[in-house]
Amino acid sequence: MIRFDITRQKALVQSTAMSKTQKAIKQQITQGIKSSPFRETQILDIKINDHPVERFLTKLFDIDEEIVNADLKAELTRAYTNNGQLLAEKYQFRDTFPANQLTELKEGKNLLNKKDSFISRLVEEINKVIGE
């Protein structure tokens, strides 16, 4: 299980201590988000069930990791003030993708530009929500 949170504001991106894979995901998501509306805080909670036992078995038996699918659940919360009231909107995203994309991230590959990757689809959804 991979889990982490990203908090974004106009001049700040904050997160907790991360593994190499989590750092790569954070960096690519932050690069892909096009804008941050003024006076808005965004909290992105990401949970990835990467099925570590199945991935270990595929490596043990020298089988390609593409047969194992990882599950992504992301929740984006947009908090802002309107006429002195604090408002928040939540959006949820779910995706299934081949687990070998996590290995590619760990190796340093940029999946943001790869159209079929989970990061590309997640960033596209985030940009669509922020653009509303």
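Me: How many helices and strands are there in the protein?
Reply: There are 4 helices and 5 strands. A helix here is a DSSP run of H or I with at least four residues, a strand is a run of E with at least two, and numbering starts at the N terminus. This is a predicted model, where local features need pLDDT of at least 70 and side-chain atom pairs count only at pLDDT 80 or more, while totals for chains, interfaces and linings use all residues. Residues are numbered from 1 along each chain as its sequence is written, and side-chain values use heavy atoms, leaving out hydrogens and water.

Me: In what order do the elements run from the N terminus?
Reply: The order is β-β-α-β-α-β-β-α-α. The C-alpha atoms fill a box of roughly 60 × 25 × 20 Å along the principal axes.

Me: What makes S1 and S3 count as paired strands?
Reply: Pairing needs at least two bridges found by DSSP. S1 and S3 are joined by 7 bridges and run antiparallel, so they pass that test. Phe4 stands opposite Ile46 in S3.

Me: How do you know that S3 and S4 pair?
Reply: Count the bridges again: S3 and S4 have 10, in the antiparallel sense. Leu44 stands opposite Leu76 in S4. Glu40 stands opposite Tyr80 in S4.

Me: How many bridges join S4 and S5?
Reply: S4 and S5 pair over 14 bridges, in the antiparallel sense. Asn82 stands opposite Gln85 in S5. The hairpin of S4 and S5 has 2 residues between the strands, and Asn83 takes a positive phi near 55 degrees there.

Me: What makes Ile67 count as exposed?
Reply: Exposed means over 50% relative accessible area, buried means under 20%, and partly exposed lies in between (1.4 Å probe, protein chains only). Ile67 has 62% relative accessibility, so it counts as exposed. Ile67 is in the loop between H2 and S4. Its C-alpha atom is 25 Å from that of Ile29, 38 residues away along the chain. Over the protein, 41% of the 132 residues count as buried.

Me: Why is a set of residues called a nonpolar core?
Reply: The largest core has 31 residues, and Ile25, Ile29, Ile46, Ile48, Leu102, Phe118 and Ile126 have the most contacts inside it. S1, H1, S3, S4, S5, H3 and H4 each supply at least two of its residues. H4 gives the most, with 7 residues.

Me: Which residues is Ile46 in contact with, beyond its neighbours within four places in sequence?
Reply: Contact means heavy atoms within 4.5 Å. Ile46 is in contact with Ile2, Arg3, Phe4, Asp5, Ile29, Leu72, Lys73, Ala74 and Leu122. Across the protein, take contacts between residues at least 6 apart in sequence: 62% of them join residues at least 24 apart.

Me: Why is one space called a cavity and another a pocket?
Reply: On a 1 Å grid over the protein atoms alone, a 1.4 Å probe fits in a cavity but cannot get out, whereas a pocket is an open set with protein on both sides within 12 Å along at least five of seven lines. Lining residues have an atom within 4 Å of a point. Points are joined across faces, edges and corners, and the volume is the space filled by probe spheres set on them. The structure holds 1 cavity of 30 Å³ or more. About 50 Å³ lies in the largest cavity.

Me: What residues line the largest cavity?
Reply: They are Ile6, Arg8, Ile29, Ile33, Gln42, Ile43, Leu44, Leu76 and Ile126. S3 gives the largest share of this lining, 3 residues. By class, the lining has 7 nonpolar, 1 polar and 1 charged residues. Ala, Val, Leu, Ile, Met, Phe, Trp, Tyr, Cys and Pro count as nonpolar, Asp, Glu, Lys and Arg as charged, and the others, Gly among them, as polar.

Me: How much space lies in the largest pocket?
Reply: About 210 Å³. H1, H2 and H3 each supply at least two residues of its lining. H2 gives the most, with 4 residues. The lining has 4 nonpolar, 4 polar and 4 charged residues. Among them are Phe56, Thr103 and Lys106.

Definitions and conventions: A nonpolar core is a set of buried Ala, Val, Leu, Ile, Met, Phe, Trp, Tyr and Cys residues joined through side-chain atoms within 4.5 Å.
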